Amino acid sequence: MIPLSWYLILAAALFSIGLFGVLVRRNAVAILLGVELMLNAVNINLVSFWRYGDVTSMSGQVFAVIVFAVAAAEVAVGLALVISVYRRRNTVVADELDLMKW
Amino acid sequence: MTTETLIWLIPLPPVLAFFLIVLFTNKSRALSHTLGVGAAALSWLVSMIVFFRAIGTEHLGEHPFASSINWLPTGTTWLKIGVLIDPLGAAVLFFVSITIFMIFLYSVGYQNYGQPLGDHDRAGLPPHGATVTDEHGHKHTVPSVEPMYSRFFAFLGLFAFGMYVLVISDNLLTMFVGWEIMGLCSYLLIGFWYGKESARNAAIKAFMTTRIGDVFMLLGIAFLYSVTGTLSFREIFTDTILHTLASVPTGVFGLSAAGLIAILLFIGTIGKSAQWPLHVWLPDAMEGPTPVSAMIHAATMVSAGVYAVIRMFPLLTAGYDGHGLPPEMMVVAFIGTFTAIFAATIAVAQNDIKRVLAYSTISQLGFMIAALGIGAYVAAAFHLITHAFFKALLFLGSGSVIHGMEHGVLHTGNHKVDPQDMFNMGGLRKKMPITFWTFLIGGFALSGFPLVTAGFWSKDEILADAWYHNHYLVFGTLALAAFLTAFYTMRQITLTFLGEPRTKEAEHAQETPWTMTTPLVVLSVFAIGYGWVGIPEKFPLIGGLFPNWFHDFVGHTLAEVPKAPEFSWIPLLTSIVVALGGLTAGYFAYRNVKSSKEDKLQIPVLKNKWYFDELYDFLFVKPSAWISEVLVSKWMDQGLIDGLLHIFGPTTGGIGGAIRNYFDVPVINRFFGDGSADATWWVGKNLRPIQTGRIQQYLILSLFVLIVVGGLLYFLLLA
């Protein structure tokens, strides 16, 4: 069986890639994608800890399912916002969305 | 009904009439005087029933009509009030109820009921007359009705109530209540025509002067209550309490408690009965309408003063063994005797018909007080009652004269003629026969015309008592005062009624209506007949024909019936000589006098009442005015107190300003207030650049913080 650490390293790598995407991308859709990657990394962690921990309890899988649902909802709302912003301002670049800036 | 219940009811009708008139019927003159006169009649009727039951009762002195109820709780005991009719009370009730009733009836005529409204009369001023046109088109000026007619009857009712309460009460407290109600009513009625400044001043003077006496009287009552714990006459006048009171020393002028209390109560009487030195209010009280003068002088107020002393007689004489007067009796005797002669000297020089009578009243009250001072209890009570009848008669008679003269004044239209000045009168005998004859009877009674009149018997009894008890100074002074009394009374009668009219107004004087003459006739019956109930038994010829009922009856009020003085020719001859001598002298001195210039007795010092008004003005009025206006108002209030306040004002203002300018504005406002705002604003402004609104920068920042904190935790906690 593959040791747990490999999964954790994969999840950490995936989380870092997601975080990097969120921090440096200017396209709002790409930022959303980064968030999705970070959520996936969390899911991998949850499932791994479940598989290597107490298999009889279902909590790890349940949390993972909740994270799927939250991620789906988040993407739905986020994409709607992004499309709405694009229709009004003709751009999805986060730096240019400075309407409420001082 | 039991007699006790009836006694309780006696004062009620007048006070009910007062309230009904004031509250409801004051718009209707007829209804108001019906209520007033009806109430007086009802009280008179009940009083008569009580009186006749009283004289029909054996040993009334030992077992008087009395009933009492608990009134004020005083800890474990009660202050009781109640009614008491003993022989003295019954005798006083008799004259009070008759004179009050007569005065009420007389007032209807005096206030011109049935006459038209005046042309320019207004409330607060006497009626000036009205113009009427007869069928031939002639205009006449006739008397007009009093503008405040109903109010007058209301006040008279309250006045009567006060007197009835005083007469029937069995204790000093309710007696004092009645006493004070009368004080109020005298004030209201003397100032009845309040539109006249003189009437206002007279009202205030009467009130203030009697108030001085009342304060002392209240002190006496309080002292008596604190010593004995009761105010009921019957309890105080028991031997044990009187003995205690007479033996307790007070340390004030060496008086016993009884003596001091008697003197304090007597000062109240000095005020109420206008004795020297508080006599000054009574002549000025003539400013009120004449029925009021009669009310004050005969039926109620001044009689109340003497009545109070008669009531308190056992207290006054506690410790008196019949030899050598104790100091309190000396005081009373002196005040009475001195007042009698003092007021008589003033009366001979007065020209106002009512003022002569006013001083005469003061003088006659002096007789009664003097009699009490020398222990002549029955004589004082007797003179009080006879005097009330003939003085009421004289006052109502003088009112009738004034009324007739006013009629003449209205007829001629010459309002400069004073209808009260006797030198404007003369010859009224033919114009006003009923008034003349009744006034003559009253005047002769006052003078003590021998044998026939009531005044003779009562005055003679006082003189006889003074002689019998060897008070020769009192006897001589009173005899002289009696001579002066006869003299000024005859002067008054001669000037007013005899000879020829001195003015046109007197020629046109007219007899007054029946409502005024009826009381005169009724009272003149008593002015003659009342004396016959007190003829001494040993009197030559007629003595013993009638029993000396008055002495027997009233004498039994006291525990020990006072002995009637032995008959002596000297006082009898004296009183006959002074009465007849005074009358003759008065007639011959004044029968041909045409004007006041021919009157030899118009001496300034007598005319001006021995300058007592001026003296009091100088001694009391001016200093009090100076104290209040200059000392208190100007120096203390405006100078000292306002001065201090004026220091406080700027000082606190300065302190406040300094705090504001040097602490509040710079420190609180500038430094803390504005400073904190400025500081917050500055910090906010300088922190603004890091609030970029870029979520990615925030994330980097938080990531950086997380790494630093995580690293620190890792190295610090785990390493």
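**Figure 1. Helices and strands of chain B in the predicted model.** In this predicted model, chain B contains 28 helices and four strands. The radius of gyration of chain B is 38 Å, whereas the globule rule gives 27 Å for 719 residues, so the chain is more spread out than a compact globule. Taken along the principal axes, the box filled by its C-alpha atoms is roughly 150 × 80 × 55 Å.

**Figure 2. Burial, contacts and surface of chain B.** Of the 719 residues in chain B, 53% are buried. When contacts between residues at least 6 apart in sequence are considered, 78% of them join residues at least 24 apart. The accessible surface of chain B amounts to about 31,000 Å², and carbon and sulfur atoms account for 69% of that surface.

**Figure 3. The largest pocket and its lining.** The volume of the largest pocket is about 1,200 Å³. Its lining consists of 44 residues, and those nearest the centre are B:F313, B:T317, B:L558, B:A559 and B:E560. Six helices of chain B give two or more residues each to this lining: α8 (233–236), α9 (239–247), α13 (301–311), α14 (313–316), α17 (377–412) and α20 (454–468). Which element supplies the largest share of the lining of the largest pocket? That share, four residues, comes from α9(B). By class, the lining of the largest pocket comprises 23 nonpolar, eleven polar and ten charged residues.

**Figure 4. The second largest pocket and its lining.** The second largest pocket holds about 750 Å³ of space. It is lined by 31 residues, of which B:P126, B:P127, B:E406, B:P419 and B:Q420 are the closest to its centre. In chain B, α16 (353–373) and α17 are the elements that give two or more residues to the lining of this second largest pocket. The largest share, six residues, is provided by α17(B). The lining of the second largest pocket divides into 13 nonpolar, eleven polar and seven charged residues.

Figure 5. Rolling a probe the size of a water molecule over the atoms shows where empty space is left. How many cavities of 30 Å³ or more does a search of the whole structure find? The search finds three. The largest cavity has a volume of about 70 Å³. The residues that line this cavity are B:M217, B:A262, B:L265, B:F266, B:T269, B:A308, B:V309, B:M312 and B:L316. At least two lining residues come from each of α10 (257–272) and α13 of chain B. The helix α10(B) supplies the largest share, four residues. Eight residues of the lining of the largest cavity are nonpolar, one is polar and none is charged.

Figure 6. About 40 Å³ is the volume of the second largest cavity. Its lining is formed by B:H279, B:V280, B:P283, B:D284, B:Y359, B:K609, B:F612 and B:D613. Each of α11 (281–284) and α27 (612–687) of chain B contributes at least two residues to this lining. By class, the residues that line the second largest cavity are four nonpolar, one polar and three charged.

**Figure 7. The helices and overall dimensions of chain A.** Chain A has three helices and zero strands, and along the sequence these follow the pattern α-α-α. The radius of gyration of chain A is 17 Å, while a compact globule of 102 residues would have one near 13 Å. The C-alpha trace of chain A spans about 50 × 25 × 25 Å along its principal axes.

**Figure 8. Burial, contacts and surface of chain A.** What percentage of the 102 residues in chain A is buried? Buried residues make up 25% of chain A. Among the contacts in chain A with a separation of 6 or more, 58% are between residues 24 or more positions apart. The accessible surface of chain A is about 6,900 Å², and 72% of this surface belongs to carbon and sulfur atoms.

Technical notes. Residues numbered from 1 in each chain as written. Chains lettered and ligands numbered in written order. Predicted model: local features only at pLDDT ≥ 70, side-chain atom pairs only at ≥ 80, totals over all residues. Heavy atoms only, no water. 1 Å grid on protein atoms, 1.4 Å probe; cavity = no way out; pocket = protein on both sides within 12 Å on 5 of 7 lines; lining within 4 Å. Points joined across faces, edges and corners; volume = space filled by probe spheres on them. Nonpolar A, V, L, I, M, F, W, Y, C, P; charged D, E, K, R; others polar. Rg over C-alpha atoms; globule rule 2.2 N^0.38 Å. Buried < 20%, exposed > 50% of the residue type's maximum accessible area, 1.4 Å probe, protein only. Contact = heavy atoms within 4.5 Å. Areas by Shrake-Rupley, 256 points an atom, 1.4 Å probe, with all protein chains shown as cover.
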